[in-house]
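User: I would like to go through a model with you. Could we take the strands and then a helix?

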Amino acid sequence: MKVDRSEPGLNQTEDLCHLAAALAHEIKNPAALALAHIAQLRKREDLIGIGDTCDHIEEAIEHICCLVQEMLLVTYGTAPAYDFDIEDMLVDMRDVYQVAWPQITFTLEADSLGEGLMYHGEESYMKIVFTNLLKNAVEAVGSTGVIGIGIKKTKGYGVITVKDSGIGNTVLKRHASGMGLAICKWLLGRVGGQLTLSASEGSGCEASVVLPLV
């Protein structure tokens, strides 16, 4: 069957894919070059105390590269949908983050902890959503603090919250591009989900994800 390339939706999808590929090419090449320069700087014995600066630059570049990969993932193809337990996924993510940031306390509470929250969808996309939200929370908390994950079921929907004890301004963090949150909202919009953010100065920020379970 011949595909009509004049369809507006199809052309828009192709344009988005081409744009994503072009952006990835333009970003990844200079990023790789910058990482190579940093590796050379680390070898210079005459530059005292440059290690922390190199660490910060590397972290920022790796974050950008991660966003590029996510952008490519969401614009090319469709991940397979199947039944999976969001609670199990979040427990695993909490444990990984706890090991990576031992100075921060990660908690998880659910209406019925252990019963699970079954969801039919694209698990890889949900991992992108909650990875971005947890990374934002970690950056907002800083060196110490608490990040709480909450899970509730209500009237055919699952509500998952990520709350941090940071400065209450997670969305407008220093160096934040907002791209990660844009990806989250786009992915959730595809499945009829929603992302809302609420912040109070001095008491942290809460991200709330609502997902239809039927």
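User: Which residue stands opposite Ile104 in β4?

Analyst: Please note that this is a predicted model. Opposite Ile104 stands Gly145 of β4.

User: In what sense do β2 and β4 pair?

Analyst: Strand β2, residues 104–110, and strand β4, residues 145–154, pair in the parallel sense, with seven bridges.

User: And how many bridges are there between β4 and β5?

Analyst: There are eight bridges, and here the pairing is antiparallel. Strand β5 covers residues 157–164. Within this pairing, Ile149 has Val162 in β5 as its bridge partner.

User: Which residue in the hairpin of β4 and β5 takes a positive phi?

Analyst: Lys155 does, with a phi near 50°. The hairpin has two residues between the strands.

User: Now the helix. What span does α3 reach from its first C-alpha to its last?

Analyst: Helix α3, residues 86–100, reaches 21 Å over its 15 residues, close to the 21 Å expected at 1.5 Å a residue.

User: Which residues of α3 are buried?

Analyst: Ile86, Glu87, Met89, Leu90, Met93 and Tyr97 are buried. They lie on the same side of α3, because the arc they cover around the axis is only 155°.

User: What does the side chain of Asp85 reach at the start of α3?

Analyst: One of its side-chain oxygens comes to within 2.9 Å of the backbone nitrogen of Glu87. Glu87 is also among the buried residues of α3.

Methods:
Residues numbered from 1 in each chain as written. Predicted model: local features only at pLDDT ≥ 70, side-chain atom pairs only at ≥ 80, totals over all residues. Heavy atoms only, no water. Helix = DSSP H or I, 4+ residues; strand = E, 2+ residues; numbered from the N terminus. Expected span 1.5 Å × (residues − 1). Buried < 20%, exposed > 50% of the residue type's maximum accessible area, 1.4 Å probe, protein only. Arc of directions from axis to C-beta. Polar contact = N/O pair within 3.5 Å; in protein donor to acceptor, adjacent residues only side chain to side chain. Pairing = 2+ DSSP bridges.
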